[in-house]
Amino acid sequence: MNFESILLPGVNAKRPLIIAGPCSAETEQQVLETAKDLANRGVKIFRAGIWKPRTKPGGFEGVGSKGLPWLKKIKEETGMYTSTEVANERHVFEALKYGVDMLWIGARTTANPFAVQEIADALKGVDIPVLIKNPVNPDLELWIGAVERIYNAGLHKIGVIHRGFSSYDKKLYRNLPQWHIPIELRRRLPELPIICDPSHIGGKRELIAPLSQQAMDLGFDGLIVESHCNPDCAWSDKDQQVTPDVLHYILNMLVIRETQQ
Ligand code: PEP
Ligand code: MN
């Protein structure tokens, strides 16, 4: 497989590539306030979940398509690129209609080859970067299989996101990092940019900095971090979100060493 750069025009190629924004888009005011603060601190790619795959029914499942015009407004007002999660064909069509710049496939979806194939088919002929999170279970072949499905649909701007793996015993981490799995993926597909999601691995704010540093030391290309203007009041994943201000501090503290991969 020959991959092209996932970088969007004007985004600095220097490590780490940063994608930040709230777990979920909640209100227009919340996403705009967060995006403006992030943009002022140099973040160029905004993330926000529009459709949220929740473990149990009855919780907040995302604002849905009504949040897409908010992302468009963010683009217009801040110049940031926008990204969101897609889990089926309808999500793809809706996101593209509103000019979302980058898509990601969530961990629960990567575990489902039918869903990944449906997304791949919906994206045929579209030139957009797609990031593929690892499946919830530690299955490297399933992860690579999802990359192949997207690649075979003609999309070559592909990156992967390491967000940790589910385990029954949750102690320190929400999702076990099992770093050897993404490292093995990089050995198999050395051209593929690899991004770490310290928010979903750690599940807590305090772990964002050490996990981000570990990812940098291991030669990861980027970080996708959950950031919210008022994390304690977030409608999803509140324990693992930080304000743009704290994110800026964490990123400034990172030591980026040249790594031999
Ligand atoms: C998310 O990025 O908010 C998300 C739902 O992540 P994951 O698919 O890694 O659980
Ligand atoms: Mn989240």
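This is a predicted model: local features need pLDDT of at least 70, side-chain atom pairs count only at pLDDT 80 or more; totals for chains, interfaces and linings use all residues.
For residue classes I count Ala, Val, Leu, Ile, Met, Phe, Trp, Tyr, Cys and Pro as nonpolar, Asp, Glu, Lys and Arg as charged, and the others, Gly among them, as polar. I number residues from 1 along each chain as its sequence is written, letter chains from A and number ligands from 1 in the order in which they are written.

**Ligand shell.** I looked up what surrounds ligand 1, taking a residue as near if its C-beta atom, placed from the backbone, lies within 6 Å of the molecule. The shell consists of C23, G49, P53, G106, A107, R108, K133, R163 and H200. By class, I find three nonpolar, three polar and three charged residues in the shell around ligand 1.

**Barrel.** I take helices (H or I, at least four residues) and strands (E, at least two) as DSSP runs numbered from the N terminus, and I call two strands paired if DSSP finds at least two bridges between them. Eight strands then close into a barrel with parallel pairing, in the order β1-β2-β3-β4-β5-β6-β7-β8. From one strand to the next, the twist averages 25 degrees. As one pair I checked β4 (residues 102-105) with β5 (residues 130-133), which are parallel and joined over three bridges; L103 stands opposite V130 in β5.

**Helix packing.** For the helices, my axes are lines fitted to C-alpha atoms over the stretch in contact, with angles running from 0 to 180 degrees between N-to-C directions. Angles under 35 degrees count as roughly parallel, over 145 as roughly antiparallel, 65 to 115 as roughly perpendicular and the rest as oblique. I call a crossing left-handed if the near helix is turned anticlockwise from the far one by less than a right angle, and right-handed if clockwise. Two residues are in contact if their C-beta atoms, placed from the backbone, lie within 7 Å.

I began with α1 (residues 28-40) and α2 (residues 68-78), whose axes are 10 Å apart at an angle of about 30 degrees, which makes α1 roughly parallel to α2. Their crossing is right-handed. On α1 the contact is made by E28, V31, L32, A35, K36 and A39, and on α2 by W70, K73, I74 and T78; I class these as six nonpolar, one polar and three charged residues.

Next I took α3 (residues 89-97) and α5 (residues 113-122), whose axes come within 8 Å and cross at roughly 35 degrees, with a right-handed crossing. Here E89, V92 and F93 of α3 make the contact with E118, I119 and A122 of α5, giving four nonpolar, no polar and two charged residues.

L140, W143 and I144 in α6 meet I181, E184, L185 and R188 in α7, and the contact has five nonpolar, no polar and two charged residues.

**Backbone checks.** Most residues other than glycine have a negative phi, and most peptide bonds are trans. I noted a cis peptide bond joining R15 and P16, with omega about -15 degrees; P16 lies in the segment before β1 (17-21). I also noted Q178, a residue other than glycine with a positive phi near 35 degrees, placed in the loop between β6 (158-162) and α7.
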